[in-house]
Number of protein chains: 2
Amino acid sequence: MFNTKYYQLGTAPSVIRKLFAYGLEQAKIVGEENVYDYSLGNPSIPSPAKVNQSIHKIVDDVEPLKLHGYSMAPGFDDARAAVAESLSRRFDMDLNAGNLFFTCGAAPAFVAVCKALAALDNSEIIAIAPFFPEYRVFVEESGAIFKVAPADKENFQIDIDGVSAILSSRTQAVIINSPNNPSGAVYTEETLRELAGLLRAKSKEYGHQIYIISDEPYRELVYGDARVPFVPHIYENSIICYSFSKSLSIPGERIGYVCIPDRCADAQALYAAVAGASRAIGHVCSPTLMQRVIQECADEMPDLEAYDQNRRLIYSALTKMGYECVRPDGAFYMFVKAPNGDANRFSEKAMKDFNLLVVPGEGFGCPDYFRLSYCVDHEMIKRSLPAFQAMIDAYK
Amino acid sequence: MFNTKYYQLGTAPSVIRKLFAYGLEQAKIVGEENVYDYSLGNPSIPSPAKVNQSIHKIVDDVEPLKLHGYSMAPGFDDARAAVAESLSRRFDMDLNAGNLFFTCGAAPAFVAVCKALAALDNSEIIAIAPFFPEYRVFVEESGAIFKVAPADKENFQIDIDGVSAILSSRTQAVIINSPNNPSGAVYTEETLRELAGLLRAKSKEYGHQIYIISDEPYRELVYGDARVPFVPHIYENSIICYSFSKSLSIPGERIGYVCIPDRCADAQALYAAVAGASRAIGHVCSPTLMQRVIQECADEMPDLEAYDQNRRLIYSALTKMGYECVRPDGAFYMFVKAPNGDANRFSEKAMKDFNLLVVPGEGFGCPDYFRLSYCVDHEMIKRSLPAFQAMIDAYK
């Protein structure tokens, strides 16, 4: 006997993995240069040089017994203080080590926050379409009910009325993710202020706080004139989940954090509940070598030029061909409307006819869109453009 | 509102942390050399040299974009194959990469296995006293009921009748941990054969398999003539949770695995359920730099001489004074009977009167014993002996 719920999670077919595997197979047949793989959100710019320099230095300098030893569960004080100081300076906050809990990436941070907030039987946590599909898994693991607010397809900001319509007295939190995976949208300050106003009013009405869980792995990936507002400035009851995966191009190294600013309601109790939930899911500490690397690299920013070149090329080329999409201002994704509104069929046809691999939007809550991850080789984008042209022509 | 269960877990007073903090405070007052801290199970021998050499080499040699990128959730094929090959050779098994699922240490491995096995409402998972206290937290997180079989205080092997008495048709697994934290006992082949016989008979009676969850972070820490039998040889339905924390002295780096041999009933389905449970608690992959280090160091063994010297000194000195304890054959712990059977009071008095920090056994399921972690400086043990003498004299 085994747990069938987890068995199903462990065997669920992954569209992205299927596309990726298909691409690898086809590359053997038609040549790597004739496969156009936009499936994976794997950073394609190398880490800042200081990351590897820090690893060498730390391994050489830190006393052997301390180097790989445990830290306390929230992380080394010095490493957390360095991140708190960087955040405070860059975002005009007053954070300290005690506001941060280091985790093995944003995913377990998010799981712990959901578990900490799932206070009632049938607590509800809301995501806004389009959303990162694993949110559903993580929220349901916490015991809360996962509800989805409809997308604002005009510009992938937030459909405030749509959120309002599904809030209830059991709503514990609303998840936001800006810059957004999969749309690349950056929520404006105006959008966030509207959401904050709604949540304040509803918190008052229901007699308990509704939190924002702000999932921010792409916070530092923003282009042109766009700016990413720091969410706790706009809504006091905001909890941040962060990962260094994208900003430092170290997704495999598993380091991120939960940040609960003091101004958040029940901040200390929530921090304790996050620590307790982390403990229950087997968190001991985040990787200690990487904690020390983060301490050194808290101010390092990604060089976004390569992503930005990709973004401008793919956006201008596809819109010229007649594809509909909102210009992505952040992250490294673009969310494109399927010409006839059926992205599953578009993705299937693009794969089979052109070795063009795009992710259909069903899992993101928008089945009429497909996602392009443009963290790829610039030349691949150029080579892929005739395939995009042929695809849209096929629908005319 | 927040989850009170996790809040309590996050604020639960830790006896070990309290002792450790007291020690740090006292060191400022009486001098570090006059505090005898046996509280923490933190490795005190440095990592094999190859660990740091591998880090330097990998950072220099691996292509920047691959170096810190994601692996698939179970881990790199090559790294898992290297560990499978090492295990197969050392323990005469026929394992391959597909039997291993890399995790961020033994703790999330254990959580995922419990979740995968918690199939029924009210599934039961059994630990055998004395046991690592976090088992209770992890089992309860899975939704299963945590039951404890009484200790065999003669020699800290397994009280088979005691286990038999608490098995039921809802028992999904029995946890074993050999070499044992806190007793240092190594279960003999005879002990394990008896347990296997019991579980086979009961599995037949109940019409479903009862698994062994073998938690083996101390597998490579064994002294003198003692040998650690490889559990899957003795009981077919064994699932291993392993960590490299103790064998390579890298507890902060968070890397371990679940191993499900092919001979285990429902092996593939269980593997999928472990993968699904890991996904649900936010596992993406284990730290990729460390995966590559493990690939290089799969055959590295700890140099146990320092631990063994400590073990011989503390065991012979304490037994000569009249303390009762079973000779520890593995790990780096010794479990000693409190002279009057009240280890809480013994620990309190030792701390206050002598700055001698020992962990009372209540949390381990044996309130009349205290644990010594002898992964400490050898000279500290020598300096501490008069305190142990004075303590036992005080009870005469």
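## Contacts between the two chains

Two residues are in contact when they have heavy atoms within 4.5 Å of each other. By this rule, 73 residues of chain B are in contact with 73 residues of chain A. The structure is a predicted model in which local features need pLDDT of at least 70 and side-chain atom pairs count only at pLDDT 80 or more, while totals for chains, interfaces and linings use all residues. Residues are numbered from 1 along each chain as its sequence is written, chains are lettered from A in the order in which they are written, and side-chain values use heavy atoms, with hydrogens and water left out.

The size of an interface is often given as the accessible area lost when the parts come together. Here the buried area (accessible area, 1.4 Å probe, that the two parts lose on being put together, summed over both) is about 5,800 Å², and carbon and sulfur atoms give 62% of it. In chain B, the residues that lose the most area to chain A are B:Met1, B:His68 and B:Arg279, together 14% of what that side buries.

## Symmetry

Chain B superposes on chain A by a rotation of 180° with 0.0 Å of shift along the axis, at an RMSD of 0.0 Å (least squares on the C-alpha atoms of residues with pLDDT of at least 70 in both copies). The two copies are therefore related as by a two-fold rotation axis. The same surface serves both copies, since 100% of the contact residues of chain B recur in chain A.

## Salt bridges and helices at the interface

Four salt bridges (a side-chain nitrogen of Lys or Arg within 4 Å of a carboxyl oxygen of Asp or Glu) are counted between chain B and chain A. One salt bridge joins the side chains of B:Glu134 and A:Arg279, at 2.7 Å from N to O.

Several helices (DSSP runs of H or I, at least four residues, numbered from the N terminus) of chain B each supply at least two residues of the side that touches chain A, among them helix H1 (4–11), helix H7 (134–141) and helix H11 (267–280). H11(B) gives the most to that side, with nine residues.

## A residue within chain B

B:Ala196 lies in helix H9 (residues 189–206) of chain B. Because its relative accessibility is 0%, B:Ala196 counts as buried (under 20% relative accessible area, 1.4 Å probe, protein chains only). Not counting residues up to four places away in sequence, B:Ala196 touches B:Ile234 and B:Tyr235.

Note on methods:
Buried < 20%, exposed > 50% of the residue type's maximum accessible area, 1.4 Å probe, protein only.
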